[in-house]
Amino acid sequence: MLEALDELFSPGCVTRAADDLAHWGRDWTTAYKAAPSAVVFPKSIHEVVALVRWAGSHGVALVPSGGRTGLSGGAVANHGEVVVSFDRMNAISDFRPADRLVTCQAGVVTANLQGFATEQGLSYPVDFASSGSSQIGGNIATNAGGIKVIRYGLTRDWVAGLTVVSGSGEILECNQGLIKNATGYDLRHLFVGSEGTLGFIVEAQMRLALAPPPQRVMVLGVPRFADILEVLSAMQARLVLSAFEFFADQALAKVMAHRDLQSPLSARVAFYALIEFDDDALEEATAVFEHCVASGWVVDAVLSQSDTQAGQLWQLREAISESIAPFTPYKNDISVCIGDMPGFLDAVEMLVAREYPDFEVCWYGHIGDGNLHLNILKPESMDTQAFYARCHEISPKVFQAVAEKNGSISAEHGVGLLKRDFLGFSRSPAEIGVMRGLKGVLDPHGIMNPGKLL
Amino acid sequence: MKVMVPVKRVVDANVKVRVKPDNTGVDLTNVKMAVNPFCEIAIEEAVRLTEAGLATEVVAVAVGTSACQEQLRTCLALGADRAVLIETDEDVQPLGIAKALKALQDKENADIVIFGKQSIDGDNSQTGQMFAALAGMPQGTFASEVTPEDGKLKVTREIDGGLQTISVSLPAVITTDLRLNEPRYASLPNIMKAKKKPLDTMSAADLGVDVAPTVEVVSVEPPEERQAGVKVETVDELVDKLRNEAKVIT
Ligand SMILES: Cc1cc2nc3c(=O)[nH]c(=O)nc-3n(C[C@H](O)[C@H](O)[C@H](O)COP(=O)(O)OP(=O)(O)OC[C@H]3O[C@@H](n4cnc5c(N)ncnc54)[C@H](O)[C@@H]3O)c2cc1C
């Protein structure tokens, strides 16, 4: 039956080679075995429409695939699905300066959009360590956040228009760049964060921001976890932050070993906060630092003296994911409201110490957004499946603590395969019922990324 | 033992520079400036000599406009004890800088003068050498290791395809290579302390030297734009292009 793909696509745009199946069948997660039946590379919206219609009438499951940097198995194909890669729909086709709007195909790599914006004297402010590989389509499908959310918001905030091919094969053009449009349901936002379960995002109009003023980076040493939040509120009371990230010394140790870097502070401290702010707020920031030292929250800090150093300091945070990857981390990506953080931190810290006494735990995250990445590292001697099974047993306890604060079990990585069975900790049965109903309308044949999210 | 470290204010290495439309130079308006990376290594080496109890004073020096004070303050935060700015609005070049530093050295009598091996703006790699000649001091250039030994300096030099170890008597000039050390970050407590450290300003004329440029820049051209790559569909096509277009295989 899959021979039909050769008729739908031009030569060289369909592959069934074992290497390709293994490559495009998985994302950044390592727990699942890639087993797609084919990979296709559409070059136009019409090819996507034809594919969806064919798949709908033959009941063939499709997995939308972007840069495959996802951390929840959303782009994994492990049940003979056809992977639909946007690698060849990667053109930036239009720029409208008056609206600061860029039209890009789904496969445009995030860093290329950032670079394009910079060339126009503007910026695309959504940024994270994977932006050199992730695609705009994937970012939208996961509503990616990253390191500048505290100032610039999530991917959702920059999506001004979407062209989508729904699971029923219809082309939907949702809000074409308008700032104001009060004409009923904003379908655009339904597709943001939909993880490929409703349709294919084929093109997006992304809004650009003004270029940021010159920035400074400060890394502060904070001996006690809870004091990170004191530092955050002290900083936020007096200056506009572009980033407020934190990481534990275990995470720093992994980065220093992996990238051969020196310790930022002259002595090691249990936790670090990395903050970024406008250069002209330096005096305020220094005053807050002094206040933090006087209050006993902070013991030392370093300040970037150039953009080059700012980049080097950022590496300490941005290289964490990559540096812990060889340890097969089990990733938790949880969030609560900032106000609920202190009690939540205590609860999770105790729980982790009790439940994971034999595992190395690595904390870091976008704590300025109430978002923690709790990574459990696999002991070298332990079998991967056994390790994941153990983590899966403990996860409900962590998620219960999240649920008690009305928090989210997936702040920005998405639900995918990894968190699907835990969705109930963050969404009520009524909500999940509505989600299923919406999926039924937009994906009547159930061909869009089945088994993910719901 | 006194160590003098000349530092240069240059465009931040992270900045993508643009050539001015009239090709007279690089556009510096609103461009971020920083301490030349090789000079950062020089400061670090001097501070380490102090920390090891081998040096007693580190003096950072810049030749340039008053804006250089910003970079000198950074050096003070990194551990220099005091700083001197030889102020001039001239477009300073290696020979002028070397002359001004020589005049200062006549007063300071530093035992070791540590330069960066080159500055990332002009890429001249001349100032340390010219200074050594003017001051009549031995030089250990492109150093990747410096060890004081019996009143001399043992210097490992990075040379084409290998390393050379030399010994120089004091007073001596060192120029730093990339691998000499990894500079530390400036800590906030030290940045605050640096505000109170002495930073003296004098003019080139005070020192009786003429730092006017002797080399005139005729034209500056940006590098040719790289052509965008193409994606090939098959191995055969790749081989064909390598053979017939790029002509890198036969
Ligand atoms: C080192 C590292 C750091 C990271 N840091 C962050 C971070 O700070 N913040 C953050 O939010 N995420 C982060 N991530 C996760 C990941 O980069 C994001 O989720 C990103 O948005 C995924 O984009 P992608 O193109 O790689 O999507 P993929 O992994 O290919 O796919 C993700 C999901 O989107 C769907 N999808 C992809 N393309 C389309 C399309 N065109 N139409 C419909 N559905 C589609 C897929 O089916 C899948 O469900 C990080 C990942 C890594 C490896």
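The dialogue below walks through some features of a predicted model.

Visitor: What kind of model is this, and how are its parts numbered?

Guide: This is a predicted model, in which local features need pLDDT of at least 70, side-chain atom pairs count only at pLDDT 80 or more, and totals for chains, interfaces and linings use all residues. Residues are numbered from 1 along each chain as its sequence is written, while chains are lettered from A and ligands numbered from 1 in the order in which they are written.

Visitor: Which domains does the assignment give for chain A?

Guide: Domain bounds come from an automatic or database domain assignment. For chain A, that assignment gives domain 1 (4-85), domain 2 (92-210), domain 3 (215-321) and domain 4 (328-413). Two residues are in contact if their C-beta atoms, placed from the backbone, lie within 7 Å, and by that rule five residues of domain 2 of chain A are in contact with eight residues of domain 3 of chain A.

Visitor: How should I read the pairing of strands, and which strands pair with E10(A)?

Guide: Strands of a sheet pair through backbone hydrogen bonds, either parallel or antiparallel. Helices (H or I, at least four residues) and strands (E, at least two) are DSSP runs, numbered from the N terminus, and two strands pair if DSSP finds at least two bridges between them. Here strand E6 (residues 101-105) of chain A pairs with E10(A) in the antiparallel sense over five bridges, with Leu101(A) opposite Arg207(A). Strand E8 (residues 159-166) of chain A is also antiparallel to E10(A), joined to it by seven bridges, and Leu162(A) has Ala204(A) as its bridge partner.

Visitor: Is strand E10 of chain A buried or exposed?

Guide: A residue is buried if 20 or more other C-beta atoms lie within 10 Å of its own, exposed if 12 or fewer, and partly exposed in between, with C-beta atoms placed from the backbone. Eight of the nine residues of E10(A) (residues 199-207) are buried, so this strand is largely enclosed by the rest of the structure.

Visitor: Where does the ligand lie, and how many residues surround it?

Guide: A residue is near a molecule or strand if its C-beta atom, placed from the backbone, lies within 6 Å of it. The ligand is surrounded by 39 residues, and the closest are Gly66(A), Gly70(A), Gly74(A), Gly137(A) and Gly138(A). Strand E3 (62-65), helix H5 (136-142), E10 and helix H12 (320-324) of chain A each give two or more residues to this shell, and H5(A) gives the most, with five. Because domain 1 and domain 2 of chain A both give residues to the shell, the ligand lies between them.

Visitor: What stands out about the backbone at Pro171(B), Leu453(A) and Ser125(B)?

Guide: Most residues other than glycine have a negative phi, and most peptide bonds are trans. The peptide bond from Leu170(B) to Pro171(B) is cis, with omega near -5°, and Pro171(B) sits in the loop between strand E9 (162-169) and strand E10 (172-176) of chain B. Leu453(A), in the segment after helix H15 (429-442) of chain A, has a positive phi near 65°, and this residue is buried, with 24 other C-beta atoms within 10 Å. Ser125(B) has a positive phi of about 55° and belongs to the loop between strand E6 (112-116) and helix H4 (127-135) of chain B; with 17 C-beta neighbours inside 10 Å, Ser125(B) counts as partly exposed.
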